[in-house]
Amino acid sequence: MIANSSLISSNFSTLLFLRNHKLATRISFPHSDKIKNPPKTQFFNNSISGFGVKGRLYVRHSSLNLQNQQDPSMEKDVDGSTKENEPGGGSNNGGNGDQWDWTTSFVLFGLWSGLMYYVFFLAPNQTPLTDMYFLKKLLNLKGDDGFQMNEVLVGLWYIMGLWPLVYSMLLLPTARSSKGSIPVWPFLVLSCFGGAYVLIPYFALWKPPPPPVEETELQRLPLNLLESKLTAGIIMAAGLGIIFYAGLSSGDVWKEFYQYFRESRFIHAMSIDFSLLSAFAPFWIYNDMTARKWYDKGSWLLPLSVIPFLGPALYLLLRPSVPTVPALSSPSSTEEK
């Protein structure tokens, strides 16, 4: 998932015509039979020395207030501005911008509600005590008791710890909302605990376009960290290591993980969370790419963005810097002054 043209109007119209030799041209106005006071015509002798041609310059002045003489493709708003009467009303959303926004928000909130209902009421929950044991082991709150954790489960746990950083780099600053007072950072912080289940409500409330990025913002936290190629390189290297660690596990380990997925609510919900984060990532990569004006050169990365985690990590490593504006040119700075 968005052209106005300006119309210069006046209370008189002027028509210039050069009469060469004895050629005369009459100018007719539409609905001339309804004009009570005909416009005045003045004649001026004129000589064009550059071409050596003498003639008369006809200047036709009209002070009539002719209505309905505007271009039918142009339409004037109530507030005095003009816009082009395109199909869709000049809106970037096909003439139904508000309807499209609310429809999208309704769909996302419906998806989120259905997911929350499924996780809390329909997801398998046959091993609640085992879930608590696994959680303590993964948080290193349980000492070495001789039990070996499933490698795929450990890899999934650690990769889920990297997803919030990936989404922070995708949503800040190019997915901030400028039409509402909903900040993105609380959702990003809570996504460290709730993943996509926390981010989807922000997706529904998001109102583009984002505000401009000042040059000074890139020199402060968190943008100087999130825009750093070093951060993107660390994410890429860590993701490759974790995926190879889990991917090279034996078939028995994968069968055991599948059994956990069918019985454990904790592992079941975490697996769905990973799938949701992977599914939403291509859209936010596209949004970030267009905001950085890099779509023409970086569009080849969009098909790769569907690769779970590695596709978004590769994009973060290769993307250019975000366009910035001087601090005094931003709307916020102007208001502060």
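Mentor: Let's start with helix 7 (residues 229-247): its 19 residues reach 26 Å from the first C-alpha to the last, close to the 27 Å expected at 1.5 Å a residue. Helices here are DSSP runs of H or I with at least four residues, numbered from the N terminus, and the expected span is 1.5 Å times one less than the number of residues. This is a predicted model, where local features need pLDDT of at least 70, side-chain atom pairs count only at pLDDT 80 or more, and totals for chains, interfaces and linings use all residues. Residues are numbered from 1 along each chain as its sequence is written, and side-chain values use heavy atoms, leaving out hydrogens and water.

Trainee: Which residues are buried in helix 7?

Mentor: Buried means under 20% relative accessible area, exposed over 50%, and partly exposed in between (1.4 Å probe, protein chains only). In helix 7, Thr231, Ala232, Ile235, Met236, Gly239, Ile242 and Ala246 are buried. They cover an arc of only 140° around the axis, so they sit on the same side of helix 7; the arc is taken from the directions from the helix axis to the C-beta atoms. The face turned away from that buried side carries exposed Leu230, Ile234 and Phe244.

Trainee: And is Asn150 buried or exposed?

Mentor: Asn150 is buried, at a relative accessible area of 3%. You'll find Asn150 in the loop between helix 2 (128-138) and helix 3.

Trainee: What does Asn150 touch, not counting residues up to four places away in sequence?

Mentor: Contact means heavy atoms within 4.5 Å. On that count, Asn150 touches Val253, Glu256, Phe257 and Tyr260, with residues up to four places away in sequence left out.

Definitions and conventions
Helices (H or I, at least four residues) and strands (E, at least two) are DSSP runs, numbered from the N terminus.
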